[in-house]
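The sequence and the structure are shown first.

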Amino acid sequence: MEKLFDFDCTKLEEPVGPISDAMLWCVDRRIQGLRGKFAAHLGIGQHVPLIIPGGIKKIVAPKFPRDAELLMETIALIHYKLGVRRLFAMAHLHCADCEGSSDPTYYHTLLMKGGRILARRFPSLEIKPIFVDCKGVHLIQGPAASAAA
Ligand SMILES: [Zn+2]
């Protein structure tokens, strides 16, 4: 084994207090810097980043069913075992995983469906479907995004 990086600690440190937020975010480099700025705007310090192509699309319309299963397993772990209470699940305009669609309605439908799937699967997890476009980060609200819909 070859050591590539050296740091000094006796064991891997745990964060101060539980991390209560997670962000399901697309890998697109155009929006990577935005995640930290958005979290800071909300007053969220540490959060669990779930970086995957398409963000919430992987739950609604994965190219391979195993992608959605793995993502659901990951969300179950961070929620039930690591204490995450709130999940921001995003889609963004011109997403390559969505064939670069420029139709906001497409993404809103995706977010509503994804929010519904997540709320049913994880009723104790607060789901915040968010849409990112050139003007900002928008919370998608509506009855379809809740577990009751
Ligand atoms: Zn994307």
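Two residues are in contact here if their C-beta atoms, placed from the backbone, lie within 7 Å. Helices (H or I, at least four residues) and strands (E, at least two) are DSSP runs, numbered from the N terminus. With those terms, the buried residues of α4 pack against α2, β3 and β4. A residue counts as buried if 20 or more other C-beta atoms lie within 10 Å of its own, as exposed if 12 or fewer do, and as partly exposed in between, with C-beta atoms placed from the backbone.

The model is predicted, local features need pLDDT of at least 70, side-chain atom pairs count only at pLDDT 80 or more, and totals for chains, interfaces and linings use all residues. Residues are numbered from 1 along each chain as its sequence is written.

**Overall make-up**

The protein has four helices and five strands. Along the sequence they follow the pattern β-α-β-α-α-β-α-β-β. Of the 149 residues, 31% are buried. Among contacts between residues at least 6 apart in sequence, 74% join residues at least 24 apart.

**The sheet**

The five strands form an open sheet in the order β2-β1-β3-β4-β5, with mixed pairing; two strands pair if DSSP finds at least two bridges between them. β2 (48-51) and β5 stand at the edges with a single partner strand each, so one side of each is left without a neighbour in the sheet. From one strand to the next the twist averages 25 degrees, where axes are lines fitted to C-alpha atoms, for helices over the stretch in contact, and angles run from 0 to 180 degrees between N-to-C directions.

| Strands | Sense | Bridges |
|---|---|---|
| β1 (residues 21-25) and β3 | parallel | four bridges |
| β3 and β4 | parallel | seven bridges |
| β4 (residues 126-133) and β5 (residues 136-139) | antiparallel | four bridges |

On the β5 side, Val132 stands opposite Val137, and Asp133 is bridged to Gly136. β4 and β5 form a hairpin with two residues between them.

Strand β3 (residues 86-92) is mostly covered, with six of its seven residues buried. The largest nonpolar core has 31 residues, and those with the most contacts inside it are Leu24, Ile56, Leu87, Ala89, Met90, Ala91 and Leu111. A nonpolar core is a set of buried Ala, Val, Leu, Ile, Met, Phe, Trp, Tyr and Cys residues joined through C-beta atoms within 7 Å. At least two residues of this core come from each of β1, α2 (57-60), α3 (65-81), β3, α4 and β4. The largest share, six residues, is supplied by α4.

Met90 lies in strand β3 and is buried, with 29 other C-beta atoms within 10 Å. By the same rule, Met90 is in contact with Leu24, Trp25, Cys26, Gly55, Ile56, Ile130 and Val132. Met90 and Gly114 are 24 residues apart in sequence, and their C-alpha atoms are 9.5 Å apart in space.

α3 has 17 residues and reaches 24 Å from its first C-alpha to its last, close to the 24 Å expected at 1.5 Å a residue; the expected span is 1.5 Å times one less than the number of residues. Just after α3, Gly83 takes a positive phi of about 85 degrees.

α4 has 18 residues and reaches 26 Å between its first and last C-alpha, close to the 26 Å expected at 1.5 Å a residue. Together, β3, α4 (residues 104-121) and β4 make a right-handed β-α-β unit. A crossover is right-handed if, with the strands pointing away from the viewer, the path from the first strand over the helix to the second runs clockwise. α4 lies across β3 and β4, running at about 165 degrees to β4.

Which residues of α4 are buried? They are Tyr107, Leu110, Leu111, Met112, Gly114, Gly115, Arg116, Leu118 and Ala119.

Terms used: Lists of a residue's contacts leave out its neighbours within four places in sequence.
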